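The following note sets out numbered points for a colleague who is examining this structure. Please read each point with the coordinates open.

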Amino acid sequence: MGLLQEIIFGLVTGSYIAIAAIGFTLIYGIVNMINFAYGEYLTLGAFIGLVAATMIPVPLPIAALVAMVGGGVVSIVLARGFFTPINDTGPVPMLLTSIGLGIALRNAIRLVGGRGARYFETETATFRFDAIPDVSLGPVDLLGGFFVTSEQLIVIGAAVAVFVAIHGLLTRTDVGIAMRAMGDDESLARVRGIDTQLIRDSVWVLAGVLAGLAGVLMAIQTNVSADTGFSHILQILSAAILGGAGSPYGAILGAYVIGLVLAVSTAFLPSSMTGLSSAVAFVILVAVLLVKPSGIAGKEVREA
Amino acid sequence: MVSNTNNNTSRRAFLTAAGAGGIAGLSGCVSFGGGDGGDGGDGGSGSTDGGSAPDTIVFGQPGALTGAFDFLQPGVSQAADAAVQHINEAGGPLGAELELVRRDTAVDPQEARTVATQLVENDDAAAIVGLFSSEINPLWDFLQDLQTPIVTPWPGSTFLDTRGGDKGTPEDTSDDEWVWRTVVGDTVHTGGSAVYALEEGYESLGVINGNTEGERSYVDGFLSVFENNGGTVEERVEVELGASSYQSALSRLFDADFDAFLVSMPQESAITALSDWSDGGYGRQPILSDTLAQQEVIDQVGSDLNGAWVAQPGRSGPGYDTFEGIYTEAGDASINSWTPPSWDSVQVTALAIEHAGSTDPEAIQSSLGPVSRSGGTEVSTFAEGKEALANGEEINYQGAATPVDFTQHGNVFGTVTINTAQDGEFVATSEVSAADVREYVAEGEY
């Protein structure tokens with residue numbers, strides 16, 4: 001198969017990561033903390049979606065909405081319980097608290113949810129486009145036939161919908177504009193009359209909603225288990241840092257860079273190195289940070 | 001305002017550094033929370049080196065209570081518990097109460113190291129009746145230094161083909177290695193699978209496997225027989241486990257031209273990969289590794305999997321019927337390929353203690369060969385063996401999974417069962433005899 005097919009695979013992987021990375025980076029930029037427990041927010045969202053889909057039961061799109069609402073509620077409850085009381089202690093205590101909370105949540109989920117993986121019941125349709133001609137560049141076929149599944153289209157579509165909604169929120173609403181103001185300078189935002197605690201709460205809810213959606217999408221593709229979110233936190237964190245600290249647009253860009261590198265490196269690395277595709281993505285992360293410590297989009301977004 | 005800007009920059013610099021540090025930390029650890037305590041236990045065994053008999057003898061069982069293989073643990077636990085109950089009802093080894101202390105390793109080598117130490121040092125375990133390939137191989141030197149017999153139902157690794165056992169000299173422990181396994185090694189059942197593939201006319205192969213020791217070992221075992229007997233490997237792709245998609249790896253694999261493809265991954269990752277394979281319509285004959293003969297795999301992947309086969313250690317040891325009768329009364333966990341070997345590991349180790357008349361580790365080690373190899377009265381349970389030993393007879397334990405005739409390297413041979421996915425379930429469709437597989441294994445190399 002050609003490069004076009006690999007790009008599609010990369011876009012799908014990037015879409016999962018991007019949705020979660022936006023939530024992660026909003027917390028990163030506005031609440032001033034790295035939330036290592038964010039993977040567990042995804043896991044909780046996946047479990048809420050699964051419960052809705054199997055026990056109530058409701059159709060999968062409704063279950064995803066339930067997971068988003070549930071994710072938002074969980075996020076604000078956890079924030080009020082564990083992070084808001086230490087808001088003023090600085091990033092280190094909050095970081096350590098989030099690590100501890102993540103461990104506690106993961107083990108609590110394992111205790112309550114059980115050891116084994118659970119699965120959403122889905123039907124997948126595959127759409128083939130075999131008539132696309134090959135366009136070779138050396139040993140690489142740039143085009144060629146490809147396929148895309150209904151699951152992949154849903155993931156990409158959901159990501160695009162999230163991007164549009166986030167862009168609209170940040171540029172067209174008072175809450176979004178206040179979030180950007182707080183991200184740039186919290187003291188100045190407070191002087192201008194912005195209720196910073198309300199904005200923090202809004203960010204927690206929004207991050208939880210996105211985690212719920214990302215958790216369900218990941219679970220549909222893989223499974224629901226105590227490690228569903230934790231197994232992806234490395235990629236989410238990397239996307240946020242690669243794109244630029246606190247920048248939702250940068251997180252989207254970083255997520256797709258990582259997704260595409262994962263896909264293309266698996267396809268083109270020597271056979272003995274295909275298991276190292278993640279390492280290639282992180283080498284790129286390190287290289288970008290060395291050249292541009294603020295991340296790919298860090299500076300540009302701060303100026304916007 | 002200047003101050004604010006500086007603070008902001010510092011904050012961002014810190015966050016970036018902390019994030020990068022976090023990535024390094026996270027990438028270096030499998031899990032922060034893998035240390036579930038398991039059943040614990042109060043130990044309290046005491047051991048004897050030939051003097052007065054202890055009141056309690058402890059066997060330690062490192063287990064996969066969590067982690068990638070936790071779905072196999074219930075059957076293994078139930079078999080071990082049933083064996084312990086049976087042994088105690090028969091009077092116990094040396095008249096002592098046998099106790100099993102089970103602790104979770106989550107199949108994590110570091111956790112396994114801690115658990116093995118706890119079992120020996122804190123629980124006074126006379127022997128260990130667990131540990132996976134992924135744990136034994138990296139901990140090999142540590143386990144030798146532990147100097148406690150490890151009789152495990154789990155590991156298939158080819159690493160153990162020439163490691164372990166008493167080297168055929170039970171009276172001389174100086175050349176011994178402390179690991180024995182009651183499950184047939186990957187060399188045997190992967191060899192059986194390779195033999196079956198060649199017999200079915202599949203002469204070229206694609207391989208997709210996880211990047212852990214267990215998955216690599218399975219594939220290496222398969223390929224050593226497959227390639228030595230005329231088969232060729234056209235493409236091999238190694239993947240990281242737990243990915244959200246394996247489409248890129250599959251796309252690369254299926255660009256090659258081959259007849260069948262071998263999948264060696266833990267269940268959850270394999271379901272993701274096989275679902276991707278089904279969605280992509282890649283086709284061709286799937287051959288699955290031994291842990292994948294699970295109903296969940298068929299349920300999640302669907303009818304495209306029809307015709308896929310799995311070679312598993314057979315369940316046709318001479319003592320299987322005896323085991324099955326006792327096992328089914330002990331609980332409702334389903335029997336998997338590691339369940340009868342779990343029963344065998346407890347039985348043969350208890351018999352070794354009875355034979356040795358001591359819980360001294362060297363004495364147990366020296367007796368594992370004599371109670372299992374041919375020549376004595378054949379027994380299929382501890383009760384029969386205890387009685388025969390009391391009558392002054394030598395014994396030959398006949399196991400549930402295999403005859404448990406330990407080779408010089410502490411390995412066992414047995415039949416290989418071919419299970420094929422048909423109409424929504426795995427069905428035993430063929431069997432490769434131990435003798436057929438043995439032809440492909442060089443003398444002294446297993």
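1. In this predicted model, pLDDT stays under 50 over residues 300–304 of chain A. For that stretch the model has five contacts beyond four places in sequence. Where pLDDT is low, the predicted coordinates should not be read in detail.

2. The mean pLDDT of chain A is 89, and 97% of its residues score at least 70. By element, the lowest confidence in chain A belongs to helix α12 (residues 298–303), with a mean of 50. The highest belongs to helix α3 (residues 60–83) of chain A, at 96.

3. The contact between the chains deserves attention. Chain A contributes 49 residues to it and chain B contributes 41 residues. On the side of chain A that touches chain B, at least two residues come from each of α1 (3–31), α4 (91–113), β4 (146–149), α8 (196–221), α9 (233–243), α10 (248–268) and α11 (277–291) of chain A. Of these, α1(A) gives the most, with seven residues. The residues on this side of chain A comprise 24 nonpolar, 20 polar and five charged.

4. Is Arg200(A) buried or exposed? Arg200(A) counts as buried because it has 22 C-beta neighbours inside 10 Å, the cut-off being 20 or more. Leaving aside residues up to four places away in sequence, Arg200(A) touches Ile30(A) and Val31(A). Although Arg200(A) and Ile30(A) are 170 residues apart along the chain, 7.0 Å separate their C-alpha atoms.

5. The second residue is Ser231(A), found in the loop between α8 and α9 of chain A. Ser231(A) is also classed as buried, because 22 C-beta neighbours lie inside 10 Å. Between the C-alpha atoms of Ser231(A) and Gly39(A) the distance is 7.7 Å, while in sequence these residues are 192 apart.

6. For chain B, the overall composition is as follows. Chain B contains 15 helices and 14 strands. Of its 446 residues, 58% are buried. Among contacts in chain B with a separation of 6 or more, 75% join residues 24 or more positions apart.

7. Domain 1 of chain B covers 56–184 + 316–397, and domain 2 of chain B covers 187–313 + 415–438. The centres of these two domains, taken over C-alpha atoms, are 29 Å apart. Their contact involves 16 residues from domain 1 of chain B and 19 residues from domain 2 of chain B. On the domain 1 side of chain B, the residues that touch domain 2 of chain B are seven nonpolar, eight polar and one charged.

8. One helix pair in chain B illustrates the packing. What angle do helix α2 (residues 73–89) and helix α11 (residues 320–330) of chain B form? The angle is about 105°, and the axes lie 9 Å apart. The two helices, α2(B) and α11(B), are therefore roughly perpendicular, a term that applies from 65 to 115 degrees. From α2(B), the contact draws on Gln78(B), Ala79(B), Asp81(B), Ala82(B), Gln85(B) and His86(B). From α11(B), it draws on Ile326(B), Tyr327(B) and Ala330(B). Five nonpolar, three polar and one charged residues make up the contact of α2(B) with α11(B).

Conventions. Residues are numbered from 1 along each chain as its sequence is written. Chains are lettered from A and ligands numbered from 1 in the order in which they are written. This is a predicted model: local features need pLDDT of at least 70, side-chain atom pairs count only at pLDDT 80 or more; totals for chains, interfaces and linings use all residues. Domain bounds come from an automatic or database domain assignment. Two residues are in contact if their C-beta atoms, placed from the backbone, lie within 7 Å. Ala, Val, Leu, Ile, Met, Phe, Trp, Tyr, Cys and Pro count as nonpolar, Asp, Glu, Lys and Arg as charged, and the others, Gly among them, as polar. pLDDT is the predictor's confidence in each residue, from 0 to 100. Helices (H or I, at least four residues) and strands (E, at least two) are DSSP runs, numbered from the N terminus. Axes are lines fitted to C-alpha atoms, for helices over the stretch in contact, and angles run from 0 to 180 degrees between N-to-C directions. Angles under 35 degrees count as roughly parallel, over 145 as roughly antiparallel, 65 to 115 as roughly perpendicular and the rest as oblique. A residue is buried if 20 or more other C-beta atoms lie within 10 Å of its own, exposed if 12 or fewer, and partly exposed in between; C-beta atoms are placed from the backbone.
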